[in-house]
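This report covers selected side-chain packing in one protein chain. Please look at the sequence and the model below before reading on.

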Amino acid sequence: MRILAVIQGEYGRRIARNIQQHAPDWTVSLWEAPTISLEEAMEEPERFIPSGLGPADLILSLGESPAVVVLLPELTQATGARAVVAPIDRHEWLPDGLAAQVKQWLAAKGIPAVFPKPFCSLTEQTYNLRSYTQSYQDALITAFAQRFGRPQLEVQVGPDAKTIQAVEVVRDSPCGCARYVAQRLGGVSVEEASMQAGMLHHHFPCLASMCRIDPMFNDTLMHVSGDILREHIREQVKPFCTPPVYLRPAEHVEAPKASDSS
């Protein structure tokens with residue numbers, strides 16, 4: 001698969017670098033998009049697409065301004081790309097309304113596109129979370145999501161059933177955070193694994209936004225991303241953890257059951 005990663009700064013550069021290092025036999029090329037206003041991109045998008053871009057199958061839109069996503073229809077035409085992944089990790093870079101509009105533009109050209117919020121919510125068939133989960137069907141995006149998206153780790157617990165022995169990365173988060181966490185969980189107590197995963201997620205650090213509360217999740221996107229990874233680790237080690245103890249208050253009296261009047 002030939003991937004064109006559209007970047008503007010360290011956010012996109014780090015994701016592209018992780019994909020280049022850990023992808024199978026994919027070709028990952030980078031194009032650094034110009035810094036332009038949204039108005040300029042809307043009025044003459046073709047003016048900002050260089051003629052020397054090579055062919056691509058999938059475009060990763062990793063820009064740091066709304067103008068970049070507006071260039072996507074022209075980019076797919078210039079490169080022959082047949083699918084687009086444009087994550088929403090910061091609202092100021094890609095507002096929800098603009099994402100919906102660009103998705104319609106691409107659909108009119110027959111180009112499937114997904115806008116996972118956050119990026120690490122992407123799976124082989126869905127993106128986003130909870131009641132906002134959306135499904136899609138596209139072989140190129142699915143192939144990408146098999147390797148990068150919602151973290152999928154396999155935790156191996158040692159013979160003592162109390163300590164993590166090793167962690168295998170089945171699917172990394174696009175930025176490499178899941179791999180970073182996996183490499184540092186060896187030797188950690190199963191009781192502390194979930195909390196430690198959350199701390200490591202922030203230390204990486206995740207580059208999803210901490211600037212505002214997302215109305216979809218009632219939380220920041222960095223916290224949502226951290227919850228995804230932490231909950232996954234919690235489920236992996238749950239069989240080895242001590243069940244919680246629930247205390248009954250002193251002098252507690254069970255309310256009598258209602259009698260069957262029939």
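Ser225 has a relative accessibility of 6% and therefore counts as buried, the cut-off for that class being under 20%. The model is a predicted one. Ser225 is part of helix 9, which spans residues 221-237. Beyond its neighbours within four places in sequence, Ser225 makes contact with Pro118, Cys120, His201 and Cys206.

The largest nonpolar core contains 46 residues. Within this core, Ile19, Leu60, Leu122 and Phe144 have the most contacts. Another core, of 30 residues, lies apart from it and includes Ala33, Ile36, Val84 and Leu94.

| Residue | In contact with |
|---|---|
| Ser225 | Pro118, Cys120, His201 and Cys206 |
| Leu60 | Ile3, Leu4, Ala5, Val6, Ile19, Val85 and Phe144 |

Aromatic rings are the next topic. There are 8 aromatic pairs. In one of them, the ring centres of Trp26 and Phe144 are 6.1 Å apart and the planes meet at 25 degrees, so this pair is stacked; the limit for stacking is under 30 degrees. Trp26 sits in the loop between helix 1 (10-22) and strand 2 (27-32), while Phe144 belongs to helix 6 (residues 139-145), so the pair ties together parts 118 residues apart in sequence. Both Trp26 and Phe144 are buried.

Notes. Residues are numbered from 1 along each chain as its sequence is written. This is a predicted model: local features need pLDDT of at least 70, side-chain atom pairs count only at pLDDT 80 or more; totals for chains, interfaces and linings use all residues. Side-chain values use heavy atoms; hydrogens and water are left out. Helices (H or I, at least four residues) and strands (E, at least two) are DSSP runs, numbered from the N terminus. Buried means under 20% relative accessible area, exposed over 50%, partly exposed in between (1.4 Å probe, protein chains only). Contact means heavy atoms within 4.5 Å. A nonpolar core is a set of buried Ala, Val, Leu, Ile, Met, Phe, Trp, Tyr and Cys residues joined through side-chain atoms within 4.5 Å. Rings of Phe, Tyr and Trp (its six-membered ring) pair if their centres lie within 6.5 Å; planes under 30 degrees apart count as stacked, over 60 as edge-to-face and the rest as tilted.
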